[in-house]
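Here is a friendly walk through the fold, strand by strand. Keep the viewer open and follow along.

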Amino acid sequence: MRKDFGAQTYLYPMPVLIIGTYGEDGTPDAMNAAWGGIADDCKIAICLSKSHKTTKNILARKAFTVSVADADHLAACDYVGIVSGNNEPDKFAKAGFHAIRGKVDAPIIAELPMTLECKLAEVYGELIIGEIVNVSADERALGADGKIDAQKLQAITYDPVHHDYIQLGKIAGKAFCDGKKLKK
């Protein structure tokens, strides 16, 4: 038997994405955004209200970064989601974040393990589409093969039902392989 919940924003896993931008004066800013994901080859879509300082920065600079929130920086990642850059101009620094320059006019957050650097591609109301120019990862998130290791990444997701953060990491199977046993 199934239970209906009506129209909700429930989806699992819901990534915890930290959006990085530079303000008019070059001050780095970051915000926590749960509504986002890959939209197409080399494109990401993020749903952001026009009232966010981050949105204004993206529209002005035509660039942003998307970092994966991790368990080691959970409090800082939560902080940049509950404090508005419109009211706290130093929230990036107060979170303990440090900016690194990358390939676009937006900050890479040194403390977070993986970042997508994006150029603004399109805007549809509150949906911002970015073209992914580069993906970089800190060496601590790399496996022996030199690629990003999901277990070392320690990515956190958002539980929209209970308002919890959940750490990802356990491998459940092998994509494009495990289903082959059902082919006849």
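Strand β11, residues 156-159, pairs with β1 in the antiparallel sense, and 2 bridges hold the pairing. Look for P15, which stands opposite T157 in β11. What you see throughout is a predicted model.

These two strands belong to an open sheet of 3 strands, in the order β1-β11-β12 with antiparallel pairing. β1 (14-15) and β12 (164-167) stand at the edges with a single partner strand each, so one side of each is left without a neighbour in the sheet.

## The chain as a whole

Stepping back, you can find 4 helices and 12 strands in the chain. Its radius of gyration is 17 Å, close to the 16 Å that the globule rule gives for 184 residues, so the chain is as compact as a globular protein of that length. Along the principal axes, the C-alpha atoms fill a box of roughly 60 × 45 × 30 Å.

Of the 184 residues, 36% count as buried. Among contacts in the chain with a separation of 6 or more, 57% come from residues 24 or more positions apart. The chain exposes about 11000 Å², and carbon and sulfur atoms supply 54% of that area.

## Hairpins to look for

Strands of a sheet pair through backbone hydrogen bonds, either parallel or antiparallel.

Start with β2 and β3, which run antiparallel and are joined by 6 bridges. I19 has M31 in β3 as its bridge partner. The two strands form a hairpin with 5 residues between them, and G26 in the turn has a positive phi of about 90 degrees. Of the 6 residues of β3, 5 are buried, so this strand is largely enclosed by the rest of the structure.

Next come β4 (residues 36-40) and β5, antiparallel strands joined by 4 bridges. K119 has its bridge partner, E131, in β10. Their hairpin has 2 residues between the strands, with G125 in the turn showing a positive phi of about 60 degrees.

## Pairings beyond the hairpins

β5 also pairs with β10, in the antiparallel sense and over 5 bridges. Within that pairing, A45 has I129 in β10 as its bridge partner. β6 and β9 are antiparallel too, with 5 bridges between them, and V66 stands opposite L116 in β9.

## Inside the cores

Which residues touch the most other members of the largest nonpolar core? In this set of 20 residues, they are I19, I44, I46, F64 and V66. The elements that give two or more residues to the core are β2 (17-22), β3 (28-33), β5 (43-47), β6, β9 (114-124) and β10 (127-137). β9 gives the most, with 4 residues. A second, separate core has 16 residues, including V16, A69, A76 and V80.

## Two residues up close

Is S67 buried or exposed? You will find S67 in strand β6, which spans residues 63-68. With a relative accessibility of 0%, S67 counts as buried because the cut-off for that class is under 20%. Its side chain makes a polar contact with the side chain of T115, at 2.9 Å. Leaving aside neighbours within four places in sequence, S67 is in contact with V16, L17, I18, I109, L112, M114 and T115.

Beyond its neighbours within four places in sequence, V133 is in contact with K103, V104, E117, C118 and K119. V133 and K43 are 90 residues apart along the chain, and their C-alpha atoms are separated by 9.0 Å.

Notes: Residues numbered from 1 in each chain as written. Predicted model: local features only at pLDDT ≥ 70, side-chain atom pairs only at ≥ 80, totals over all residues. Heavy atoms only, no water. Buried < 20%, exposed > 50% of the residue type's maximum accessible area, 1.4 Å probe, protein only. Polar contact = N/O pair within 3.5 Å; in protein donor to acceptor, adjacent residues only side chain to side chain. Contact = heavy atoms within 4.5 Å. Core = buried A, V, L, I, M, F, W, Y, C linked by side-chain atoms within 4.5 Å. Pairing = 2+ DSSP bridges. Rg over C-alpha atoms; globule rule 2.2 N^0.38 Å. Areas by Shrake-Rupley, 256 points an atom, 1.4 Å probe, with all protein chains shown as cover.
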